[in-house]
Amino acid sequence: MNEAGIKLGFRLLFRNRLAGFGAVVLVLVICVAFAAPLLPLHNPDLTAPANRLLRPLTAGHLLGTDHLGRDLLARLIWGTQLSLMVGISASLIAAVIGSCIGIIAGFFGGRIDNLIMRGIDMLMAFPYILLALAIVAVLGPGLINALYAVTIVNIPFFARNIRGVTVGITHREFVDAARLSGMGNWRIIWSEILPNVLPVIVIAMSTTIGWMILETAGLSFLGLGSQPPQADLGSMLGEGRKLLITAPHASIVPGVMIFIIVMSINLLGDGVRDALDPRLRSGALERPSAVTRLDRKLPHEAQSVQSLLEVDNLHTHFEVGDRVYRAVSGVDLQVNAGECLGIIGESGSGKSVTALSLLGLVASPPGVIKAGTVRLEGKDLLSADFETLRSIRGGRISYIFQDPLSTLHPLYSIGEQLIEAIDCHRKVSKAEALSQAINLLKQVQIPNPEARINNYPHELSGGMRQRVSIAMALANDPDIIIADEPTTALDVTVQAQILALLSELRQHRKLALIFITHDFGVVAQLCDRIAVMYAGQIIETGRTEEVLDRPSHPYTARLIDCVPEPGSGQRRLTAISGLPPALDSLAQGCHFAPRCNIAREACKKGELSLSDVSDTHSVRCNYPLESSA
């Protein structure tokens, strides 16, 4: 891991305040414990019967003395050092041995896996503490033997966890590619498997050190760990329990220290897990909120209602550490009742983030809406309270996701999910809800809906699942449906059926449709107007036939050139050279300029705004195209 990665890891770790608190406490304990030879402490093993059972805060004995007159502060610090060394050493040894066993079993599989894991199963069949007691009984009392016992009983934990992770990695494409390149098994394990399981090993270690300290303390408490006069926290606790009534401080002092160490290690372990989890490296260490975070000035009230839905100067950013990704920058949209607006652009152009921002569905953190308004019949949705917004979601505005499996729950039948969608917004009887669910399936042209209503999502084809998703979107008679590339994963025949279905439902129900896609063929078939997006901005918008016949922005024209024309074998399909810009370092001027073949120096300066080509056609370009496409 490079220096930047280390800094990011620490930043993510300390964003979790409890983990940061645990780290600070643990570092202080370790520093004090390992500074014992430098501190002015009494001899921890020196007995002084005349000073036995002195209370805390006695002169010369800050924490008092035990039944033999030994200074409890000195024994506590030296005992903490010993307990930490044993716990950390046992965790390291168990992690190394257990991880090696798990990687070998998971990678080679077959008989090797069966033989190794059956042995691990036999060890796990015994309760941990009983197995540790049996090992110490065989080896004899002593701190080193207790370390061996704690290590052995924790090896199965690491072996099981790492074996499961390794099995999943072994069949991945990059491992197959390494085999095809001629790499041997042990080299693949070292270069491909180990780097991928190392974060899991570190996370497992951070959560087991506390267990091992407790297990070692338990053995010492029973007299099987450290032997007199040597002290660790467990033996101190065992000696103090006999004096719990006459001198409770003798047991409270080591007990509190065990609690502090184990608690700080567990808190730190949670933070380490979050910091090493690649899914959380965006900085989202807490569960995303139910509504996208707002960080904007109060919007002006709308003077008049001109469209069903109006989006004005919308800015949505993703704040990841010191970086700010401007996913949406100044988007303006209007959608009228019964109209279909197509939003088109390359992957990463900001189409889906724009759609999710309309209902406050962008995950926060790291998402944040920095500016703009989203007005439904003149009322700003972004300023609405959660209950109001929740009633609008799936009520007046519905969302159809690209993958129907992200909408449908695998453990519930489609009938149960349709009924739930109805019950969330309207209180109806169960029989009436069932009748409405069957009617919805009929509307989306699912054959034999009375029988299909009891099917689970895995029993349906991809096209049928998408029809169920559309039925759920229609469940509460919405005014607007947002369809986020609902046909991308479907074959051509099913795509045509879904598009025809959406067009028919739009005309029949008079609802507005926002259709997100990257296919101009779909736009030409379904949409009344087009908004072309690039790098978080709308760069061209207008009536569908006008934009397709006379594209004014070079990016729109190049996108159209990428679409094959059936029956026309003369035209050459040309890909757009270069890559979209990085959203955390957008330059001034036209963001498409580095990829544009007609860009001039003026295109790289200043801010561009949409300018009118006609009454219904606008473009964000200094030098719009004039020739027909």
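The legends below describe close-up views of a predicted model.

**View 1. The largest pocket and its lining.** The largest pocket holds about 850 Å³ of space. Its lining is made up of 25 residues, and those nearest the centre are Arg393, Gly394, Ala421, Cys424 and His425. Two or more lining residues come from each of the helices α12 (386-392), α13 (414-423) and α16 (462-474) and from the strand β7 (397-400). Sorted by class, the lining of the largest pocket comprises 11 nonpolar, nine polar and five charged residues.

View 2. Helix α11 covers residues 351-358. Six of its eight residues are buried, so the helix is largely enclosed by the rest of the structure. These buried residues are Lys351, Val353, Thr354, Ala355, Ser357 and Leu358. Gly360 follows α11 and has a positive phi, near 65°.

**View 3. A nonpolar patch on the surface.** Ile88, Leu92, Ile93, Val96 and Ile97 make up a nonpolar surface patch. Together these residues have about 380 Å² of accessible area. Val96, one of the patch residues, belongs to helix α3 (residues 72-108). The relative accessible area of Val96 is 52%, and the residue is therefore exposed, the cut-off being over 50%.

**View 4. The salt bridge between Glu239 and Arg70.** In the whole structure, 20 salt bridges are found. One of them joins Glu239 to Arg70, with 3.5 Å between the closest N and O atoms. The two residues are 169 residues apart and link distant parts of the chain: Glu239 is in helix α9 (residues 233-240), and Arg70 is in the loop between α2 (17-34) and α3. Arg70 is buried, with a relative accessible area of 4%, whereas Glu239 is partly exposed at 22% relative accessibility. Both residues belong to a network of salt bridges that also includes Asp45, Asp66 and Arg75.

**View 5. The salt bridge between Glu346 and Arg595.** The side chains of Glu346 and Arg595 form a salt bridge with an N to O distance of 3.0 Å. This pair, too, links distant parts of the chain, its members being 249 residues apart. Glu346 is in the loop between β4 (340-344) and α11, and Arg595 is in the loop between α20 (554-561) and β12 (611-614). Glu346 counts as partly exposed at 21% relative accessibility. Arg595 has 6% relative accessibility, which is under the 20% limit, so Arg595 counts as buried.

**View 6. The salt bridge between Arg506 and Asp528.** A salt bridge joins Arg506 and Asp528, and their closest N and O atoms are 3.1 Å apart. Arg506 is in helix α17 (residues 492-509), while Asp528 is in the loop between α18 (520-526) and β10 (529-534). The two residues are 22 residues apart, and the pair links distant parts of the chain. Arg506 is buried at 8% relative accessibility. Asp528 is partly exposed, with a relative accessible area of 23%.

View 7. Glu504 is a residue of helix α17. At 46% relative accessibility, Glu504 counts as partly exposed.

**View 8. The cis peptide bond between Pro228 and Pro229.** Pro228 and Pro229 are joined by a cis peptide bond with an omega of about 5°. Pro229 lies in the loop between α8 (185-221) and α9. Most peptide bonds are trans.

View 9. Most residues other than glycine have a negative phi. Leu57 is not a glycine, yet its phi is positive, about 70°. The residue lies in the loop between α2 and α3. Leu57 is exposed, with 71% relative accessibility. Asn448 also has a positive phi, near 50°, in a residue other than glycine. Asn448 lies in the loop between α14 (430-443) and α15 (449-452).

Terms used
Residues numbered from 1 in each chain as written. Predicted model: local features only at pLDDT ≥ 70, side-chain atom pairs only at ≥ 80, totals over all residues. Heavy atoms only, no water. 1 Å grid on protein atoms, 1.4 Å probe; cavity = no way out; pocket = protein on both sides within 12 Å on 5 of 7 lines; lining within 4 Å. Points joined across faces, edges and corners; volume = space filled by probe spheres on them. Helix = DSSP H or I, 4+ residues; strand = E, 2+ residues; numbered from the N terminus. Nonpolar A, V, L, I, M, F, W, Y, C, P; charged D, E, K, R; others polar. Buried < 20%, exposed > 50% of the residue type's maximum accessible area, 1.4 Å probe, protein only. Patch = residues over 30% accessible without salt bridge, like charges linked within 9 Å, V, L, I, M, F, W, Y side chains within 5 Å. Areas by Shrake-Rupley, 256 points an atom, 1.4 Å probe, with all protein chains shown as cover. Salt bridge = Lys/Arg side-chain N within 4 Å of Asp/Glu carboxyl O.
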